[in-house]
Amino acid sequence: MCNTGTGIRSGVGLRGTSIMPTAQLVLDVGNATFLATDEMKESVKENSREKVSREDRSTVGEQFVDDPRMTCRDVNVYYGDNHAIKNVSIDIGRNEVLAMIGPSGCGKSTFLRCLNRMNDTVDTCRVTGQMLLDDQDIYD
């Protein structure tokens, strides 16, 4: 039987002298695979996340930090008449890793292009708002 990732694995187990089907929750952590205990299964059930509507665009984690390396406030990006990014405000802390996750076309790459000033090469692109690196505006 082959297992990849975390999931339910069905198989056949021996109990006493009879053979009966079993279902086991299998957890893959690094290079090790664990069979979950009943207590672990309950914990997984209790900590399961509810599905969130795609229309819910709330931020996960802290949007602002005490000592940011980069500060973005009310950033808007336009490609001609197309308003690609709307009012993004976020801090990126020193030695911090930022992950942006979202569907295709939601503005992840456009925002990164703003941080690197790569949109400067696009004639129809206009960026508004404030983007500071070490308290200096990167667009000045």
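Which helix does Leu112 lie in? Select helix H2, residues 108-115: Leu112 is there. Keep in mind that this is a predicted model.

**Stop 1: the sheet.** Show strands E4, E5, E6 and E7. These four strands form an open sheet in the order E5-E4-E6-E7, with antiparallel pairing. E5 and E7 (136-137) are the edge strands, each pairing on one side only. Strands of a sheet pair through backbone hydrogen bonds, either parallel or antiparallel.

**Stop 2: E4 and E5.** Select residues 68-79 for E4 and 82-93 for E5; eight bridges join these antiparallel strands. Go to Pro68 and look across to E5: Gly93 stands opposite. Now follow E4 to the turn. E4 and E5 form a hairpin, with two residues between them. Pick Gly80 in that turn; its phi is positive, about 65°.

**Stop 3: E4 and E6.** Met70 faces Leu133 of E6 as its opposite residue, and Cys72 stands opposite Met131 of E6.

**Stop 4: back to H2.** Show the helix with the sheet. H2 lies across E4, E5 and E6. Its direction is at about 120° to E4.

Stop 5: Is Leu112 buried, partly exposed or exposed? Leu112 is partly exposed, because its relative accessible area is 41%, between the limits of 20% and 50%. Now select Leu98 and Met100 along with Leu112. Together they form a nonpolar patch on the surface, with about 220 Å² of accessible area.

Conventions: Residues numbered from 1 in each chain as written. Predicted model: local features only at pLDDT ≥ 70, side-chain atom pairs only at ≥ 80, totals over all residues. Heavy atoms only, no water. Patch = residues over 30% accessible without salt bridge, like charges linked within 9 Å, V, L, I, M, F, W, Y side chains within 5 Å. Areas by Shrake-Rupley, 256 points an atom, 1.4 Å probe, with all protein chains shown as cover. Salt bridge = Lys/Arg side-chain N within 4 Å of Asp/Glu carboxyl O. Buried < 20%, exposed > 50% of the residue type's maximum accessible area, 1.4 Å probe, protein only. Pairing = 2+ DSSP bridges. Contact = heavy atoms within 4.5 Å. Axes fitted to C-alpha atoms, helices over the stretch in contact; angles between N-to-C directions.
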